[in-house]
Amino acid sequence: MPIKVEDYFDRDTFKKMKAFADQKETPFVVIDLPTISRAYDQLGACFPFAKTYYAVKANPAVEIIDLLKDKGSSFDIASIYELDKVLAQGVGPERISYGNTIKKARDIRYFFDKGVRLFATDSEADLRNIAKAAPGAKVYVRILTEGSTTADWPLSRKFGCQSDMAMDLLVLARDLGLVPYGVSFHVGSQQRDISVWDAAIAKVKVIFERLKQEDGITLQMINMGGGFPANYIAKTNSLETYAEEIIRFLKEDFGDELPEIILEPGRSLIANAGILVSEVVLVARKSRTAVERWVYTDVGKFSGLIETMDESIKFPIWTEKKGEMEEVVIAGPTCDSADIMYEHYKYGLPLNLASGDRLYWLSTGAYTTSYSAVEFNGFPPLKAYYLD
């Protein structure tokens, strides 16, 4: 079935973006800032008691940072380079969390010297570095959670620790002169199973209770990370449904007096605002009797579509060409055999698709420009344009 644009954009927004795109040479991504603004407002309406820390890694454009800064957002930062960019836009350090658990001691000191006082951790070595480089800072410990089988882009294993270690770290944080502030988790990006938040919050509740009863530590904050969905081919529940269920889970465990709640959205705020525009370079078959066509485009895994790795994220692809559809393999332009976006998931594109035609990859505002290679095969990074 061909993609219907109206399932992803309102008509006026798409017309505005396409009219702009028609004047530009591919490949590039065009992002609608009012769509991001509406997504931020929707998140705030769904979780009115929570603080939003935008995950800058999703798209670090100054246009997006400025927009969210003016709307009152805080920021989840992964490196000194993101920190410098956000501070340069006038964001105060009190609105910043150093959310990366893998960091150099000198980078911790850099954040501390810039005024940041909120740090994530998940290991003793990192915690001791924080104690030395950021004395007296607030720390929150990231725990491991389930959900790797139901998230399109899992974030387990590399980050987080088991609950018993998390409690040990928070006790050690107190003993090292830090403030044991809270617990964080991330259920996986583009998480479609809302129930995984229930299990994660239940783990957090046990940590809160045991630390208070056994060690006299009163934690103050839960960082629930991201995980809320964008609008890709695989449908999800609405954000309102996610919020209704997650709030129910929180109140079942913590009652009406909730601790401070932090959200760290990235994908859900900005993905739906973007359209990546590419050009068909070639359409070919591998033999006289081959059933499948190969469609080669001027974007690929190394120019913004790395999340097609293992065909994890399935972007909606629209084209102006109409007519009979046929299954295709879609690949990028580089001299690398890994540069195949979709081979097993069968996309259908029109039989009359030809070199020079454009493909519009919808919901590509997140994790495209920030993943684009600098100069692989000599291709420049993915261009980006931001529309008011």
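User: Which residues does D107 touch, not counting residues up to four places away in sequence?

Analyst: This is a predicted model, in which local features need pLDDT of at least 70, side-chain atom pairs count only at pLDDT 80 or more, and totals for chains, interfaces and linings use all residues. Residues are numbered from 1 along each chain as its sequence is written, and side-chain values use heavy atoms, with hydrogens and water left out. Contact means heavy atoms within 4.5 Å. By that test D107 touches I80 and Y98.

User: Where is D107 found?

Analyst: Helices (H or I, at least four residues) and strands (E, at least two) are DSSP runs, numbered from the N terminus. D107 falls in the run of residues 105-113. That run is helix α5.

User: D107 has no salt bridge; how far away is the nearest side chain of opposite charge?

Analyst: A salt bridge is a side-chain nitrogen of Lys or Arg within 4 Å of a carboxyl oxygen of Asp or Glu. For charge, Lys and Arg count as positive and Asp and Glu as negative, while His and the chain ends are not counted. D107 is buried (under 20% relative accessible area; exposed is over 50%, partly exposed in between, with a 1.4 Å probe and protein chains only). The nearest side chain of opposite charge is R106, at 4.7 Å.

User: How many salt bridges does a search of the whole structure find?

Analyst: Side chains of opposite charge can pair when their charged atoms come close. The search covers the whole structure. The count is 22.

User: Are α6 and α7 roughly parallel or roughly antiparallel to each other?

Analyst: Two packed helices are described by the angle between their axes and the distance between the axes. Here the axes of α6 (residues 124-133) and α7 (residues 163-175) come within 10 Å and cross at roughly 20 degrees. Axes are lines fitted to C-alpha atoms, for helices over the stretch in contact, and angles run from 0 to 180 degrees between N-to-C directions. Angles under 35 degrees count as roughly parallel, over 145 as roughly antiparallel, 65 to 115 as roughly perpendicular and the rest as oblique, so α6 and α7 are roughly parallel.

User: Which residues of α6 and α7 make the contact?

Analyst: From α6 come E124, L127 and R128. From α7 come L169, L172 and A173.

User: What is the salt bridge distance between R128 and E124, N to O?

Analyst: Both residues lie in helix α6, four residues apart, about one turn of the helix. R128 counts as partly exposed at 36% relative accessibility. E124 is also partly exposed, at 42%. Their side chains meet at 2.9 Å.

User: E252 and R248 both lie in helix α9; what is the relative accessible area of E252?

Analyst: The two side chains meet in a salt bridge of 3.0 Å, N to O. They sit four residues apart in α9 (residues 239-254), about one turn of the helix. R248 counts as partly exposed at 38%. E252 is exposed, with a value of 52%.

User: How many residues apart in sequence are the parts that E326 and R293 tie together?

Analyst: E326 forms a salt bridge with R293, with the closest N and O atoms 2.6 Å apart. E326 lies in strand β15 (residues 325-331) and R293 in strand β13 (residues 293-297), so the pair ties together parts separated in sequence by 33 residues.

User: Is R293 buried or exposed?

Analyst: The relative accessibility of R293 is 3%. R293 therefore counts as buried.

User: What separates the C-alpha atoms of K251 and V291?

Analyst: K251 lies in helix α9. K251 is in contact with D256 and L258, leaving aside its neighbours within four places in sequence. V291 is 40 residues from K251 along the chain. Their C-alpha atoms are separated by 55 Å.

User: Is the peptide bond from T26 to P27 cis or trans?

Analyst: Most residues other than glycine have a negative phi, and most peptide bonds are trans. P27 lies in the loop between α1 (11-21) and β1 (28-32). The T26 to P27 bond has omega near 0 degrees. This bond is cis.

User: D310 is not a glycine; what is its positive phi?

Analyst: D310 lies in the loop between β13 and β14 (317-318). D310 is exposed, with a relative accessible area of 69%. Its phi is about 60 degrees.

User: Is E311 buried or exposed?

Analyst: E311 lies in the loop between β13 and β14. E311 has a positive phi of about 55 degrees, although it is not a glycine. At a relative accessible area of 12%, E311 is buried.
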